[in-house]
Amino acid sequence: MLEATDDNEPIAAAGEAASISKSARKRLLKQQRLQARKIERKAAEKERRREDLERRRREWEEKLADKTEEERTRLVKSRKETRRERMGKRTEERSKRAERLRTAAVVGQKVVLDLEFSDLMSPTEIQSLAHQIMYCYAANGKCEYPAHLWLTGCNGNIGSQLQRLPGYDKWIIEKESRPYIEVFQDHKEKLIYLTADAETTLEELDTNRIYIIGGLVDRNRWKGITMKKANEQGIQSAKLPIGNYIKLASSQVLTVNQVVEILLKFVETGDWKNAFFTVIPQRKRGAVEIEGDDTIDVAKIEKECNEEGLEADAEEEVEEEYADNDAIRTKKQRSESKTEETDIIKATES
Ligand SMILES: C[S@@+](CC[C@H](N)C(=O)[O-])C[C@H]1O[C@@H](n2cnc3c(N)ncnc32)[C@H](O)[C@@H]1O
């Protein structure tokens, strides 16, 4: 039986692998390989950042080593100024993004992520979905004309997984624990469920409509589930016009973040072909199909989505601040402050 719970746990107990079918075993091994690679990648990234900080600190100290006290003070001042400018630029970008998202909440294309499928996914799939949602949020924030994004049915396992994302509380997005059918009960005729199984093909996006995307990571194990849901609820459905523009090597079922990105690209360009070619990865247009968040650089997107945390930046700033202060302290002061410095760096790392 599968037991995946989090990144660091094995997916199945060793003895269990023998009792499952050949294809399930292959899938399991693949998942284990991916998981191991993910852990390795994370560790390598952490090490790379540590080395990078260390190298920069060394270079800075070398640069200051043969300088007079006066030159040091000047260099430190100028570095502080550059840092202040950099931080100012970031703050400005963030506030522009917030402004765009607030405008989108009034005039943007409504796009709903239907999160009512938690019970049909494994913990790993739910985690993957949370990463995809984070990716959607980041992609939306970068757009000149973002969509008005809704998370509906936002509770249960996916709700708690989202809560664990850094900065999630501050996301400018609609978070609704109620199902969309209740939220939009007075606008049912405007709802269009996007599903690869629909007969109707989407031609345009209509700002008066509300497009729903199924919050599922299921490798299409639950084939047709969103189509069935739309039919049962008596709401319209449509598929993306992929086949009109591009021939895929495998199924036309895309991931949640790919669909969101395609819609965003279409809002921006009004050109489906461009949207499909920009978003659908080469490998899906080639031979192999992969679903999941393998292509999502989680650490990078977490940083982009975190309005105020930006832990890595903060860590960097603390390091630089200390290097600056070090440069204008006497040797004796430096050794006295060493213990304190180590404590603070440790605190930012934990
Ligand atoms: C990974 S798919 C989930 C597949 C699931 N078995 C189903 O029945 O919808 C995630 C969601 O992206 C949207 N989607 C994926 N491919 C699509 C396509 N070709 N056209 C329209 N929507 C699509 C659908 O809303 C779908 O629920």
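**View 1. The crossing of helices α3 and α8 in the predicted model.** In this predicted model, α3 passes α8 in a right-handed crossing. Helix α3 spans residues 123-142 and helix α8 spans residues 256-269, and the two pack with their axes 8 Å apart, at an angle of about 15 degrees. That angle makes α3 roughly parallel to α8, because angles under 35 degrees count as roughly parallel.

**View 2. Residues at the contact of α3 with α8.** On the α3 side the contact is formed by L129, Q132, Y135, C136, A139 and N140, which meet V256, N257, V260, E261 and L264 in α8.

**View 3. The shell around the ligand.** There are 22 residues around the ligand, and of these L194, A196, G214, T226 and L240 come nearest. The shell divides into twelve nonpolar, seven polar and three charged residues.

**View 4. Stretches where pLDDT stays under 50.** Over the chain the mean pLDDT is 83, with 78% of the residues reaching 70 or more. Residues 287-294, however, stay under 50 in pLDDT, and for them the model has 15 contacts beyond four places in sequence. Residues 327-350 likewise stay under 50, and here the model has 16 contacts beyond four places in sequence. Where pLDDT is low, the predicted coordinates should not be read in detail.

Notes
Residues numbered from 1 in each chain as written. Predicted model: local features only at pLDDT ≥ 70, side-chain atom pairs only at ≥ 80, totals over all residues. Axes fitted to C-alpha atoms, helices over the stretch in contact; angles between N-to-C directions. Helix = DSSP H or I, 4+ residues; strand = E, 2+ residues; numbered from the N terminus. Parallel < 35°, antiparallel > 145°, perpendicular 65-115°, else oblique. Left-handed = near helix turned anticlockwise from the far one by under 90°. Contact = placed C-beta atoms within 7 Å. pLDDT = per-residue confidence, 0-100. Near = placed C-beta within 6 Å. Nonpolar A, V, L, I, M, F, W, Y, C, P; charged D, E, K, R; others polar.
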